[in-house]
Structures are given as C-alpha cells and as structure tokens.
Amino acid sequence: MPPDAASRPAWFRQLAARFVAYWPLKAVATMVFMMVFFWAYFAILRQPMLAPTTMPRLAIDAWVPFSTAAFPVYVSLWVYVSLPPAFIDSLRPLLWFAVWMSGLCLFCLGIFWLFPTAVPATGIDWSLYPELALIKQVDAAGNACPSLHVASSVFAALWLERIARSVAAPVALRWGNALLCVAILWSTMATRQHVALDVLAGIVVGLAFALPSVRHVSRIAPRVI
C-alpha cells in the first residue's frame, strides 16, 4: 500500500476499495439501466393513456424563485443516483439495489402512463435560457407528479446515508449528502420542472421504496450497508 494511502482515514479507504470493486460491471450495468429507463420513459410520455392534468400551484411555489443556477444541481441527479451502487462491493446487494430502484421507476412510469400530469404554464421565455429550453423541449408533459427526480434523489440519499454509517464516515460527509439531496429537490422547483405537490409526492414515493429496501439489504448484507 502506498504511504499516502495508509495515512488516509479508514472510512476513506473502505469507500475507495468499494468503488473499485466490480467497477467494470457497475459502470456497464448503470449505463444499460439508464438507457433502458430513458427508452421506457420517453415511450410512455409519447403515448399516455389520457391527456395530462395540470398540477395546481400552492403558496410555497411562490416562495421558490426561478433560478438558472439550479440547472447544474438539477442535472447532477444522474451522477448522484449512480453513487450508491458505486460504493457497494458485493454482488447480491448490488442486484437488490437494482431491483428496488427498478421498482421505484416502474411505479412512477405506471403513474405517468395512467394518470399523466403537467406543470402549469410559467410565462417564462425559455429561449433566453438555452440549457433549460433543451430540458423543456425534451421533457414532454405527463411526468409531473410524482417527481421521479425527487423520488430517486430521496432513494439515493437514504442508501448513501446507510453506506456512510456502515463505514463510519464523518458526520460532515453525511450532512453533505443530505444537503445535496435537498438541493436537488429545490432545483426541481427552481427550474420550474415541478411544483410543490410533485415534490411532496416524490418524497413519499422515495421513502416508500428506500426505507424497506435499506432494511431488506441490511438484513442480508449487514457489512455492506
């Protein structure tokens, strides 16, 4: 072991070892999962069962101002949700993570197909914000509630919290994980991709899948998470 590696904290060395374990498999599997997900996601948005229902705004929606600074936080989700499997070093828990995450995605996709919803018009000239305009053009109406962005963020946050505790990571790192999750939730409203009700529903869905999945995998692989 290099001298500098030996001087690093035990939790850091554990996370580094977990990260490199099965990394080719994890990299390929994550890429394939996202490709299949996006294929199903856009297929459902193109052919919903009904016309989308516009979600109502609440008072809290006015409290969150529109912000272009939210865009990089919003797109950071795709890195964030890749972190839990990246720090799992055992095949069985990896498989169960994929099963539970797939269940969450399928549940939300089913709602988008059967009960499509859309965010209300904002009156913003999106041509002034090219990066956000691209999202608006690609992300057709029908997927507002529950926010899958929020649900998957909450799911990833709880898994990362459990992994951080299993390696005795410092409290600051765990708080950073929580704050990043909250920032992603904020970004869904600040980019006007979602309203407060979408976020609330996404939190409920995320918790509904994250809590039993963490308990389940903790029982079968207590060393891993």
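**Notes on the salt bridges and a nonpolar patch**

1. Arg 174 sits at 26% relative accessibility, so it counts as partly exposed (buried is under 20% relative accessible area, exposed over 50%, partly exposed in between, with a 1.4 Å probe and protein chains only). Keep in mind that this is a predicted model, where local features need pLDDT of at least 70, side-chain atom pairs count only at pLDDT 80 or more, and totals for chains, interfaces and linings use all residues. Residues are numbered from 1 along each chain as its sequence is written, and side-chain values use heavy atoms, with hydrogens and water left out.

2. Arg 174 pairs with Glu 161 in a salt bridge at 2.7 Å, N to O (a side-chain nitrogen of Lys or Arg within 4 Å of a carboxyl oxygen of Asp or Glu). This one ties distant parts of the chain together: Glu 161 is in helix 10 and Arg 174 in helix 11 (residues 171-190), 13 residues apart. Helices here are DSSP runs (H or I, at least four residues), numbered from the N terminus.

3. Glu 161 also meets Arg 165, at 3.4 Å, N to O. Both belong to helix 10 (residues 148-166) and are four residues apart, about one turn of the helix. Glu 161 is partly exposed at 23%, and Arg 165 is partly exposed at 46%.

4. The structure has two salt bridges, and Glu 161, Arg 165 and Arg 174 form a salt-bridge network.

5. Elsewhere, Val 28, Met 31, Val 32, Met 35 and Val 36 make a nonpolar surface patch of about 470 Å² (residues with over 30% relative accessible area and no salt bridge, nonpolar side chains joined within 5 Å; areas by Shrake-Rupley with a 1.4 Å probe). Val 36 is in helix 3 (residues 23-46).

Terms used:
Patch = residues over 30% accessible without salt bridge, like charges linked within 9 Å, V, L, I, M, F, W, Y side chains within 5 Å. Helix = DSSP H or I, 4+ residues; strand = E, 2+ residues; numbered from the N terminus.
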